[in-house]
Amino acid sequence: MRSIWNGSISFGLVTIPVKTYSATDRTSSVSFVRIHEKDGAQIQYRKICELDGEEVPNEEVGKGYQAPGDDAIVPITDEDLSRLPMPTAKTLSILSFVDPDEIDPLQMDKAYYLGPNGAAATKPYALLREALEDHRKVALGKVAMRGRESLAMLRAHNGAIVMHTLLWPDQLRPATGVAPDDVELRENELTLAETLMDSLGELDPAELHDDYREAVEELVAAKLEGEPVAPAASGTSGAQVIDLTAALEKSVRAARGGREAGTEAESASVTPIRGRKAAKKGEAEQGAAKKSGAATKKATGKKTASATAKKAPAKKTPAKKTAAAPKAAGGRAKGTSTAKKTATAGTSKKTASKSTAKKTAAKKTSKRSSA
C-alpha cells in the first residue's frame with residue numbers, strides 16, 4: 001500500500017514516527033459516469049468562471065472561504081495556512097485513554113492503518129499497540145490531515161494500530177423529531193423480539209457481499225453481448241399493516257428451523273442431549289421387551305414340551321425335534337433344558353407303557369383265535 005501521510009504519534013514523552021495508509025477501498029463499489037443520452041458520449045465537467053464565463057485551468061484554481069450567511073468570499077492561500085499555529089500538523093497528540101463504549105459510532109468518519117516509520121519506531125509502536133489491547137482502551141487525540149484538524153481515535157486491530165478520524169461533537173445532528181414517543185409495548189412482544197435476536201445466531205463475514213454490484217455487472221455483461229436483460233424479481237411493498245406478535249412468532253420459528261437444519265447438516269452424527277435421553281429410554285424399553293420375549297419363549301417351550309408328551313406317537317424323532325426346538329430359538333436358561341429332559345423322560349415312559357399294552361392285547365387276541 002502507498003502511504004498517504006507521514007507524521008508521528010506523541011505518547012507522553014515518547015514519539016513514534018508513523019506512516020498512514022488508507023484502510024478502506026471504495027473503488028469496488030458501483031459508480032456511474034454522466035453521458036449524453038442522445039449519442040452516448042460522456043459529459044465533461046469544466047471549471048467555468050462566473051464573471052467572464054471562460055474555462056479556468058487547474059493551475060489557476062485556488063481556495064476561498066465563505067462565511068455562513070455572507071456572500072463575500074475571502075481568498076486563502078497555502079502560505080496563509082502554513083503560518084497558522086497548528087501543532088497537530090505533523091503530530092497526532094494523544095490526549096487521553098477511554099473505554100471504547102464512550103465513543104459514539106456516529107462520530108466515526110474515515111479509517112486508516114498506522115505503521116511504524118523506520119526501525120527505531122518498531123519497539124515504541126509495538127508497546128503502544130500491546131498497551132491498547134491489554135488495557136482494552138482506545139486513545140483519543142487530535143491530528144491535522146489534508147488541510148484540516150480532526151479528532152482521532154487509535155485502537156489495536158489485527159496486530160496493527162488503526163486510526164479513525166472523528167467528527168467534532170457539534171457536527172452531530174440531534175435526533176429531535178425522528179423517533180416516536182409514548183409507544184406502548186407488551187411484555188410478550190419484547191420477549192419475542194429478544195428471542196428472535198438470540199435465534200438468528202452469529203454472522204459469518206465471509207457470507208457478506210454486494211448483491212447490487214453483482215446485478216449491475218451481470219446487466220452490463222448482458223448488454224455488451226447483446227442478450228436480453230432478465231426482468232427483476234418483483235418485491236413486496238413495505239407499507240403493510242401486520243400483526244406484530246404473529247410476525248415475531250413466525251420469524252422465531254423460521255430462524256430456529258433454519259438453525260436446526262444447518263446444525264443437522266453439519267453434524268448429523270451428533271446426538272443432542274434430549275435425543276440421548278430418548279435413546280436411553282428406548283434402549284431400556286428394548287431391554288424390557290427382550291426379557292419379556294425370553295420369558296414368553298420359556299413358557300411356550302414348557303407348554304410345547306408337555307403337549308408333545310401327550311400327543312406324540314411312539315417315535316423318538318418328534319421328541320428330539322421338540323427338544324431341539326428351544327435350542328434353535330436360543331436355549332438361554334437352564335430351566336428350559338430341565339423341561340426338555342423331563343418331557344423326554346415322560347414321553348419314553350408313556351411310549352413304553354403303550355407298547356406293553358399293545359403286546360398284551362395281541363397275545364389275548366391270538367389265544368382267542370386258537371381257541
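With a relative accessible area of 68%, Arg136 is exposed. In this predicted model, the residue lies in the loop that connects helix 2 with strand 7 (138-145). Arg136 is not a glycine, yet its phi is positive, at about 55°. The residue follows helix 2 in the chain.

## Helix 2

The helix that precedes Arg136 spans residues 122-135 and comprises 14 residues. The distance from its first C-alpha to its last is 20 Å, close to the 20 Å expected at 1.5 Å a residue.

Five names make up the buried set of helix 2: Pro124, Tyr125, Leu128, Arg129 and Leu132. These buried residues line one face of the helix, because they fall within an arc of 135° when viewed down the axis of helix 2. Lys123, Leu127, Asp134 and His135 are exposed on the other side of helix 2.

Asp182 is a residue other than glycine with a positive phi, near 55°. Asp182 is placed in the loop between strand 9 (160-166) and helix 3 (187-199). Its relative accessibility is 79%, and Asp182 therefore counts as exposed, the cut-off for this class being over 50%.

## Summary of the two loop positions

Arg136 belongs to the loop between helix 2 and strand 7, and Asp182 to the loop between strand 9 and helix 3. Arg136 is exposed, and Asp182 is also exposed.

Methods: Residues are numbered from 1 along each chain as its sequence is written. This is a predicted model: local features need pLDDT of at least 70, side-chain atom pairs count only at pLDDT 80 or more; totals for chains, interfaces and linings use all residues. Side-chain values use heavy atoms; hydrogens and water are left out. Helices (H or I, at least four residues) and strands (E, at least two) are DSSP runs, numbered from the N terminus. The expected span of a helix is 1.5 Å times one less than its number of residues. Buried means under 20% relative accessible area, exposed over 50%, partly exposed in between (1.4 Å probe, protein chains only). The arc is that of the directions from the helix axis to the C-beta atoms.
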